[in-house]
Amino acid sequence: MRTAPTAIAAALLAALTLTACSGSDGGDGGDGGNDGKTGAATTESARKGACTAARVGFEVGPSSAAPAAGDEGAVPVTVTNKGDAACTLKGLAGVDLVAGDKSWALQPQEGASEETEVTLEGGQSMLLSISYVRGVAGDPEKAAAVDELKLTLPGDSKVSSFKWPDAEVAVKSESTLEATVGPFLPVGD
């Protein structure tokens, strides 16, 4: 007996939400153009919403490449809010490094917290850094010839892929590379 009213209420809510969010933001594939003043975004958390791959732009590099095996390098990833409405990044990005048919999920840098939440205003950028140790070229037991970086924003399921801009990465164990992902930090002035 409850199924029908629940289904009707869900359909009505969906229709109202679609009607309220039918604005246009110029077709950039963003969040539907909700400016945080009208429609479904009537609460502070709804106005900010989660930053998703559809709402932001990414730029990988330029990197600070490790010059020789055993040296440390860093690959910065800039995340820029493409819309006018603020969005939030809560936690850490999911980052996998891929070499051929093998991939490794990176661990967070020491001290980086999954509880950290930052707000990205419209047009604002945040930076995260992937730190790594360069491996010994040509030695598959000591280095992974990484060719791809896969990144997922916290709370989002879309995986964004980028070419790895640096040299091989040192292998710590079969399942772990000597590489970590840092927290989101404001871009310098």
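Why does Val171 count as buried? Its relative accessibility is 19%, and buried means under 20% relative accessible area, exposed over 50% and partly exposed in between (1.4 Å probe, protein chains only).

The model is predicted: local features need pLDDT of at least 70, side-chain atom pairs count only at pLDDT 80 or more, and totals for chains, interfaces and linings use all residues. Residues are numbered from 1 along each chain as its sequence is written, and side-chain values use heavy atoms, with hydrogens and water left out.

**View 1. Val171 in strand β12.** Strands (E, at least two residues) and helices (H or I, at least four) are DSSP runs, numbered from the N terminus. Val171 stands opposite Leu177 in β13. Its C-alpha atom is separated by 5.1 Å from that of Lys142, 29 residues apart along the chain. Contact means heavy atoms within 4.5 Å. Leaving aside neighbours within four places in sequence, Val171 contacts residues including Pro140, Ala143 and Thr176.

**View 2. The open sheet β9-β12-β13.** Three strands form this sheet, with antiparallel pairing. Two strands pair if DSSP finds at least two bridges between them. The edge strands, β9 (143-144) and β13 (176-177), each pair on one side only. Two bridges join β12 to β13.

**View 3. The hairpin of β4 and β5.** β4 and β5 (residues 102-105) pair in the antiparallel sense over four bridges. Ala99 has Lys102 of β5 as its bridge partner. Two residues lie between the strands, and Gly100 takes a positive phi near 65°.

**View 4. The largest nonpolar core.** A nonpolar core is a set of buried Ala, Val, Leu, Ile, Met, Phe, Trp, Tyr and Cys residues joined through side-chain atoms within 4.5 Å. The largest share, four residues, comes from β8. Not counting residues up to four places away in sequence, Leu97 touches Trp164 and Leu177, among others.

**View 5. Asp166 in the loop between β11 (160-163) and β12 (169-173).** Asp166 is buried. A polar contact of 2.5 Å joins its side chain to that of Ser63; such a contact is a pair of N or O atoms within 3.5 Å, and within protein one must be able to donate a hydrogen and the other to accept it, while residues adjacent in sequence count only if both atoms are side-chain atoms. Other residues that Asp166 touches include Ala74 and Tyr132.

Note on methods:
Lys and Arg count as positive and Asp and Glu as negative; His and the chain ends are not counted. A salt bridge is a side-chain nitrogen of Lys or Arg within 4 Å of a carboxyl oxygen of Asp or Glu.
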